[in-house]
Amino acid sequence: MPMTDKSKRSTSNGALTVRIPDPQLKLAVSLVKTTLRDLYDNDQQIQWDAAYFFVSDQHIMWCQIIGVDHEHLKKAVGCVLREKGARRRRMVGDLVTKLKQIFEEN
């Protein structure tokens, strides 16, 4: 698609305008965000599986790809697991927001 205005002048400055993220980084962020959201799922088994992902240190490799301190995230998940209901949902939402901010910086 050509990038020109009505007078047929180029509107492109030569720089790539679309940011194409690293696929492995995008996968890691997506996996961790989804697992965090699963901590407040209605299905008890999904909650247990999500908690096990963090407790059994399966998150370490993914955190290294993203550039997140895995120990800090594990402690934060521990705090989330102590809560219930809306408070848990809010804490998970805050963690996901922070993760999005980190991803946007990379």
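Start by selecting Glu83 and Arg87, whose side chains meet in a salt bridge with 3.0 Å from N to O. A salt bridge here is a side-chain nitrogen of Lys or Arg within 4 Å of a carboxyl oxygen of Asp or Glu. The model is predicted: local features need pLDDT of at least 70, side-chain atom pairs count only at pLDDT 80 or more, and totals for chains, interfaces and linings use all residues. Residues are numbered from 1 along each chain as its sequence is written, and side-chain values use heavy atoms, with hydrogens and water left out.

Colour the two residues by accessibility. Glu83 is partly exposed, at 23% relative accessibility, while Arg87 is exposed, with a relative accessible area of 53%. The classes are buried for under 20% relative accessible area, exposed for over 50%, and partly exposed in between (1.4 Å probe, protein chains only).

Next, select Arg88, which lies in helix α5. Helices (H or I, at least four residues) and strands (E, at least two) are DSSP runs, numbered from the N terminus. Arg88 is buried but has no salt bridge, and the nearest side chain of opposite charge is Glu83, 7.8 Å away. For charge, Lys and Arg count as positive and Asp and Glu as negative; His and the chain ends are not counted. What does the side chain of Arg88 reach at 3.0 Å? It is the backbone oxygen of Leu81. A polar atom of the Arg88 side chain also lies 2.9 Å from the backbone oxygen of Glu83.

Stay in helix α5 (residues 85–105) and select Arg90 and Asp94; being four residues apart, they are separated by about one helical turn. Their side chains meet in a salt bridge, 3.2 Å from N to O. Arg90 is exposed, with a relative accessible area of 58%, and Asp94 is partly exposed, with 34%.

The structure holds three salt bridges. For another one, select Lys74 and Asp57, where the closest N and O atoms are 2.8 Å apart. This pair links distant parts of the chain, 17 residues apart: Lys74 is in helix α4 (residues 70–81), and Asp57 is in the loop between α2 (44–55) and α3 (60–66). Lys74 is partly exposed, with a relative accessible area of 32%; Asp57 is partly exposed as well, with 36%.

Now go to Phe53 and Phe54. Both residues are buried. Rings of Phe, Tyr and Trp (its six-membered ring) pair if their centres lie within 6.5 Å; planes under 30 degrees apart count as stacked, over 60 as edge-to-face and the rest as tilted. By this rule there is one aromatic pair. Phe53 and Phe54 form that edge-to-face pair, 5.1 Å centre to centre with 85° between the planes.

Select Trp48 next, in helix α2. Is Trp48 buried or exposed? At 57% relative accessibility, Trp48 counts as exposed.

End at helix α1 (residues 23–37). Its 15 residues should span 21 Å at 1.5 Å a residue, and its end C-alpha atoms are 21 Å apart, which agrees. The expected span is 1.5 Å times one less than the number of residues. Select the buried residues of α1: Leu25, Ala28, Val29, Val32, Lys33, Thr35 and Leu36. They cover an arc of only 165° around the axis, so they lie on the same side of α1. The arc is that of the directions from the helix axis to the C-beta atoms. On the other side of α1, Pro23 and Lys26 are exposed.

Key. A polar contact is a pair of N or O atoms within 3.5 Å; within protein, one must be able to donate a hydrogen and the other to accept it, and residues adjacent in sequence count only if both atoms are side-chain atoms.
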